[in-house]
Amino acid sequence: MRVFKQKNIISLVTGLIEMAMVVHGISIYSTLEYKMRQEDYFDDQTEDQQAVTYSRIYTLALVYNCVYKILTGILQDSLGIWISRTLVQIQMVVGLIILIISDPNSDYLVFYGIPLYYGVAISLITSFNTIIYSDPDHKAIWSSLIGSVISLGQQFYLWYRTLDNTNIFWWMLMAFQVPIFIRTFTLLPKSNVLSNGLGWKTRYDPIPIFRKDKSDEQTKSNGTGKNENYLISLKKILNPTILIIGGFNILIEMRIATFGDEFQSWLHWATYEDEAEITKWTDIYVYSGLISIFTNFLAGWALDRFIQIIYKKSRLNKKYSSILGCCVICVICSILAFCMSFCLTFRTTGINLW
């Protein structure tokens with residue numbers, strides 16, 4: 001039992017390292033765009049045309065990211081972790097190969113390379129979320145650390161921005177694929193459950209989609225059909241709490257996506273095309289991600305504490321205490337986001353970014 005627990009912790013720790021190495025999110029697109037502009041990608045276009053082109057690349061990556069996150073969940077539930085992660089890695093490797101061979105003379109390749117790599121890399125989080133349940137007493141902490149390690153990995157792009165030959169960076173990410181591939185088969189279960197342990201010993205576990213579900217006999221005995229079970233599951237998903245919080249998260253994602261999409265074009269406008277200022281604020285944008293290493297962890301802890309205070313001080317049960325706590329946090333986040341957007345409407349160099 002002790003060995004099993006130690007392997008769980010190793011799997012969780014290496015999962016965080018894995019995300020720091022390759023799961024950098026689409027928010028770093030502004031740095032990719034900065035470097036492509038510096039290397040004269042799409043130099044036959046006007047500034048306005050370039051803005052549209054870079055926006056389209058970002059949109060492709062974002063759409064592919066949103067679609068594949070859903071697809072990864074379906075694949076993992078249906079075919080298990082090993083198969084779903086392998087499919088993700090194949091696409092990441094293909095994307096990196098395309099980015100390695102792309103240059104200003106073949107700039108159209110980035111339309112394929114960036115969505116393939118950055119669009120699917122974040123799907124690796126899905127398998128990590130599964131193994132979080134191997135340490136049920138610290139689920140919130142492990143979950144909050146995801147954002148922290150991704151922010152840490154984003155600091156690679158400060159180095160990437162200074163490279164004369166960016167292929168060095170892409171080859172580094174390619175080398176990181178090796179330990180990730182090994183980890184899939186040595187520290188993760190083949191299926192989507194943890195009951196049979198982790199690693200290569202689970203290779204004989206049945207793939208979920210081909211496994212006879214025990215609930216079939218149960219549904220026959222109690223008279224509940226599959227269609228009724230699906231309706232029950234759908235009702236749980238479409239409950240008011242999930243719809244409200246889910247809707248808020250969708251709006252937040254859209255806002256973040258819009259900011260990342262327009263950041264470089266906005267910088268050119270806000271700094272009056274001052275290249276030194278553009279370089280400085282591009283770096284500051286990446287550096288600011290370091291703050292979230294601490295704030296992600298702190299936010300998870302603070303929300304838990306806030307909900308506990310509401311529960312103890314009010315007559316609400318735990319469910320409604322959680323709903324109220326989340327709503328208060330959402331209002332605070334919305335006010336801060338509004339203030340930030342308002343500040344960005346001013347063109348005064350530098351001060352608007354603060």
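Student: Hi! How many helices and how many strands are there in the protein chain?

Tutor: The protein chain has 15 helices and zero strands. Helices (H or I, at least four residues) and strands (E, at least two) are DSSP runs, numbered from the N terminus. This is a predicted model, where local features need pLDDT of at least 70 and side-chain atom pairs count only at pLDDT 80 or more, while totals for chains, interfaces and linings use all residues. Residues are numbered from 1 along each chain as its sequence is written, and side-chain values use heavy atoms, with hydrogens and water left out.

Student: Okay, and what share of the residues is buried?

Tutor: Of the 354 residues in the protein chain, 42% are buried. Buried means under 20% relative accessible area, exposed means over 50%, and partly exposed is in between (1.4 Å probe, protein chains only).

Student: What about contacts between residues 24 or more positions apart?

Tutor: Those account for 73% of the contacts with a separation of 6 or more in the protein chain. A contact here means heavy atoms within 4.5 Å.

Student: Let's look at a helix pair. At what angle do helix 4 and helix 5 cross?

Tutor: Roughly 145°, and the axes of helix 4 (residues 81-101) and helix 5 (residues 110-121) come within 8 Å. Axes are lines fitted to C-alpha atoms, for helices over the stretch in contact, and the angles run from 0 to 180 degrees between N-to-C directions.

Student: Left-handed or right-handed?

Tutor: The crossing of these two helices is left-handed. That means the near helix is turned anticlockwise from the far one by less than a right angle; clockwise would be right-handed.

Student: Which residues make the contact?

Tutor: Helix 4 brings V88, Q91, M92, V94, G95, L96, I98 and L99, and helix 5 brings V110, Y112, G113, I114, L116, Y117, V120 and A121. By class, that contact has 13 nonpolar, three polar and no charged residues. Ala, Val, Leu, Ile, Met, Phe, Trp, Tyr, Cys and Pro count as nonpolar, Asp, Glu, Lys and Arg as charged, and the others, Gly among them, as polar.

Student: Now helix 9. What does Q177 touch?

Tutor: Q177 sits in helix 9 and touches V22, Q89, M92, V93, L96 and Y117, not counting residues up to four places away in sequence. Q177 counts as buried because its relative accessibility is 5%.

Student: And R183, is that one buried or exposed?

Tutor: Buried, because R183 has 6% relative accessibility. R183 also lies in helix 9 (residues 167-186). Leaving out residues up to four places away in sequence, R183 touches S11, T14, G15, E18, R85, I131 and L188.

Student: Switching to aromatics: how many aromatic pairs does the structure hold?

Tutor: There are 16 aromatic pairs. Rings of Phe, Tyr and Trp (its six-membered ring) pair if their centres lie within 6.5 Å; planes under 30 degrees apart count as stacked, over 60 as edge-to-face and the rest as tilted. Y41 and F42 form a tilted pair, at 6.4 Å centre to centre and 55° between the planes.

Student: Why is the pair of F169 and W170 edge-to-face?

Tutor: Their ring centres are 5.2 Å apart and their planes are at 75°, so the pair counts as edge-to-face. F169 is buried, with a relative accessible area of 0%, and W170 is buried too, at 4%.

Student: What about D40 and its phi?

Tutor: D40 has a positive phi of about 65° and is not a glycine either. The loop that holds D40 runs between helix 2 (29-38) and helix 3 (47-79). D40 counts as partly exposed because its relative accessibility is 43%.

Student: Last one: what distance separates the C-alpha atoms of I10 and L187?

Tutor: They are separated by 7.8 Å, with the two residues 177 residues apart along the chain. I10 lies in helix 1 (residues 2-22) and, at 45% relative accessibility, counts as partly exposed.
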